[in-house]
Amino acid sequence: SLREWASARATDLARGPHRRQIAVLALATTPEEKALLNWIARHPLLSGAELSALLDESAALVERRLEHLARLGAVRAG
């Protein structure tokens with residue numbers, strides 16, 4: 001699928017032009033991951049547990065999404 005292709009390419013393109021990075025990230029993420037990124041962009045110091053509460057999702061699910069976003073190069077542990 002296009003999402004799988006984009007996920008596989010995201011780390012390869014991490015050092016490319018920002019427009020390309022954003023396009024690949026848009027293809028590689030789910031709507032739920034985009035919502036998570038939106039919270040992180042606005043409040044970068046929130047913990048996984050806090051994000052879980054804000055999104056009304058299990059902590060394990062949020063952690064899996066954060067791991068996927070980290071593999072894509074969209075977030076990093078601080």
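Is Glu57 buried, exposed or partly exposed, and what is its relative accessibility? Glu57 counts as partly exposed because its relative accessibility is 22%, and the buried class requires a value under 20%. The model described in this report is predicted.

## Overall architecture

The protein chain contains five helices and zero strands. Read along the sequence, these elements give the pattern α-α-α-α-α.

Of the 78 residues of the chain, 28% count as buried. The chain exposes about 5400 Å², and carbon and sulfur atoms supply 57% of that area. Among contacts with a separation of 6 or more, 49% are made by residues 24 or more positions apart.

## The nonpolar core

The largest nonpolar core comprises 13 residues. Those with the most contacts inside this core are Leu36, Ile40, Leu51, Val62, Leu66, Leu69 and Val75. At least two core residues come from each of helix 2 (18-28), helix 3 (31-42), helix 4 (48-55) and helix 5 (59-72). Helix 5 gives the most, with four residues.

When its neighbours within four places in sequence are left aside, Ile40 is in contact with Leu51, Leu66 and Val75.

Gly48 counts as buried because its relative accessibility is 14%, where the limit is under 20%. Not counting residues up to four places away in sequence, Gly48 touches Val62, Glu63 and Leu66. The C-alpha atoms of Gly48 and Leu61 are separated by 9.8 Å, and these two residues are 13 residues apart along the chain.

Ser52 is also classed as buried, since its relative accessibility is 9%. Apart from neighbours within four places in sequence, Ser52 is in contact with Glu57, Ser58, Ala59 and Val62. A polar atom of the Ser52 side chain lies 2.3 Å from the backbone oxygen of Glu57.

## The loop between helix 4 and helix 5

Asp56 is located in the loop between helix 4 and helix 5. Its phi is positive, at about 55°, although Asp56 is not a glycine. Most residues other than glycine have a negative phi. Asp56 is classed as exposed because its relative accessible area is 72%, and the exposed class begins over 50%.

## The salt bridge

Side chains of opposite charge can pair when their charged atoms come close. The structure holds one salt bridge, formed by Glu57 with Arg65. The closest N and O atoms of this pair are 2.5 Å apart.

The partners fall into separate accessibility classes. Arg65 is buried, since its relative accessible area is 14%, whereas Glu57 is partly exposed at 22% relative accessibility.

## A nonpolar surface patch

Leu2, Trp5 and Leu27 form a nonpolar patch on the surface. Together these residues have about 310 Å² of accessible area.

Leu2 lies in helix 1 (residues 2-10). Leu2 counts as exposed because its relative accessibility is 51%, and the exposed class requires a value over 50%.

Note on methods
Residues are numbered from 1 along each chain as its sequence is written. This is a predicted model: local features need pLDDT of at least 70, side-chain atom pairs count only at pLDDT 80 or more; totals for chains, interfaces and linings use all residues. Side-chain values use heavy atoms; hydrogens and water are left out. A nonpolar core is a set of buried Ala, Val, Leu, Ile, Met, Phe, Trp, Tyr and Cys residues joined through side-chain atoms within 4.5 Å. Buried means under 20% relative accessible area, exposed over 50%, partly exposed in between (1.4 Å probe, protein chains only). Contact means heavy atoms within 4.5 Å. A polar contact is a pair of N or O atoms within 3.5 Å; within protein, one must be able to donate a hydrogen and the other to accept it, and residues adjacent in sequence count only if both atoms are side-chain atoms. Patches are made of residues with over 30% relative accessible area and no salt bridge: like charges are joined within 9 Å, nonpolar side chains (Val, Leu, Ile, Met, Phe, Trp, Tyr) within 5 Å. Accessible areas come from the Shrake-Rupley method with a 1.4 Å probe; for residues, only the protein chains shown count as cover. A salt bridge is a side-chain nitrogen of Lys or Arg within 4 Å of a carboxyl oxygen of Asp or Glu.
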